[in-house]
Amino acid sequence: MSTAVALSSSLKHNLALGIRFPQNPSFYRRNGPKVSTFRTFTVAMAASNTTPLEICVKASVSTPNKLGDCPFCQRVLLTMEEKHLPYEMKLVDLSNKPEWFLQISPEGKVPVVKFDEKWVPDSDVIAQSLEEKYPNPPLVTPQEKALVGSKIFSTFIGFLKSKDPSGGTEQALLDELSSFNDFIKENGPFINGEKISAADLSLAPKLYHLEIALGHYKKWSIPDTLPYTKPYMKRIFSMDSFMKTRASPEDVIAGWRPKVMG
């Protein structure tokens, strides 16, 4: 069982208090068959009295003991980061799912989070549970804005998989991106205005996958005719919480390869 433990990166400056942890991964390795453990620590004083939440996430296929390319896992991790919650990652090799993981996630899907001794699947359910159990800082997106940009991901997948240049999949994606661009123009810089909210944390990992996968497989990028979409992406992608929880471009490319080649 691969495990990584982290506290919110949003208060890294508290390390100035003099608290330090070893940086050598071997320091954290435990004895046992096929057990590889890597723990990364930052200090968040707001979460110091909170027991770390356990979360099963996809492991990297390119780098041992690193987070993989699941945008739904990143959404949950982003939520935990933005709420300054400590968490313990259990990295799961989805190509060779261990028995312990299948016992807690019979469908073999990630993310799965442990709440009150019960493992809960589905990023929508998990994000809602986190909001209910840890309401501060609030990340609720008003109902009338909650679905903004929600069709971008499905149209991105359609375009990525399409082998017919005249099939209309590119235009379908551009239509969704254009609608999003217009919304951010009038309501930004985030979906709910000045502050980031749950809708941003759901959409941003998908836009990250879109940018990398379409750039690699289609040599395609978001056009300059959408001048509010690009800054929106750059704004979120540069956040500490996003950089800490993002997958490597190599993992994103590898993750989409079966859909492109299939």
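**Reading the fold, its packing and its spaces**

Analyst: Among contacts in the protein chain between residues at least 6 apart in sequence, 74% join residues at least 24 apart. The model is a predicted one.

User: How many helices and strands does the protein chain have, and in what order do the elements run?

Analyst: There are nine helices and five strands in the protein chain. Read from the N terminus, the order is β-β-α-β-α-β-β-α-α-α-α-α-α-α. As for burial, 47% of the 262 residues count as buried.

User: How should I read the packing of two helices, for instance α1 and α3?

Analyst: An angle under 35 degrees counts as roughly parallel. Helix α1 (residues 71–82) and helix α3 (residues 123–133) pack at about 5°, and their axes are 10 Å apart. The two helices are therefore roughly parallel to each other. On the α1 side the contact is made by F72, R75, V76, T79 and M80, and on the α3 side by S123, D124, I126, A127 and L130. By class, these residues of the contact comprise six nonpolar, two polar and two charged.

User: Is T79 buried or exposed?

Analyst: Buried means under 20% relative accessible area. T79 has 7% relative accessibility and therefore counts as buried. This residue is found in helix α1. Leaving aside neighbours within four places in sequence, T79 is in contact with L130, L139 and L201.

User: At what angle do α6 and α7 pack?

Analyst: Angles from 65 to 115 degrees count as roughly perpendicular. Helix α6 and helix α7 (residues 229–237) pack at about 105°, with their axes 10 Å apart. That makes α6 roughly perpendicular to α7. The contact involves D200, L203, A204, L207, Y208 and E211 of α6, together with Y232, M233, I236 and F237 of α7. Its class make-up is eight nonpolar, no polar and two charged residues.

User: What about a strand residue: is K58 buried or exposed?

Analyst: K58 lies in strand β2 (residues 53–58). At 18% relative accessibility, K58 counts as buried, because the cut-off for that class is under 20% relative accessible area. Not counting residues up to four places away in sequence, K58 touches K66, L67, G68, D69, C70, C73, V92, L94 and V110. K58 and K109 are 51 residues apart along the chain, and their C-alpha atoms are separated by 8.9 Å.

User: How is empty space found in a structure?

Analyst: Rolling a probe the size of a water molecule over the atoms shows where empty space is left. A cavity is a space where the probe fits but cannot get out, whereas a pocket is open.

User: What is the volume of the largest pocket, and which residues lie nearest its centre?

Analyst: The largest pocket has a volume of about 540 Å³. Its lining has 23 residues, of which R75, D124, A146, A198 and S202 lie nearest the centre. Helices α1, α3 and α6 each supply at least two residues of the lining, and the largest share, six residues, comes from α6. By class, the lining of this pocket has 12 nonpolar, seven polar and four charged residues.

User: How many cavities of 30 Å³ or more are there, and which residues line the largest cavity?

Analyst: A search of the whole structure finds one cavity of 30 Å³ or more. About 30 Å³ of space lies in the largest cavity. The lining of the largest cavity is formed by G68, D69, C70, P71, Q74, Y208, H209, T245, R246 and A247. The elements that give two or more residues to this lining are α1 and α6 (198–217). The lining residues of the largest cavity divide into four nonpolar, four polar and two charged.

Note on methods: Residues numbered from 1 in each chain as written. Predicted model: local features only at pLDDT ≥ 70, side-chain atom pairs only at ≥ 80, totals over all residues. Heavy atoms only, no water. Axes fitted to C-alpha atoms, helices over the stretch in contact; angles between N-to-C directions. Helix = DSSP H or I, 4+ residues; strand = E, 2+ residues; numbered from the N terminus. Parallel < 35°, antiparallel > 145°, perpendicular 65-115°, else oblique. Contact = heavy atoms within 4.5 Å. Nonpolar A, V, L, I, M, F, W, Y, C, P; charged D, E, K, R; others polar. Buried < 20%, exposed > 50% of the residue type's maximum accessible area, 1.4 Å probe, protein only. 1 Å grid on protein atoms, 1.4 Å probe; cavity = no way out; pocket = protein on both sides within 12 Å on 5 of 7 lines; lining within 4 Å. Points joined across faces, edges and corners; volume = space filled by probe spheres on them.
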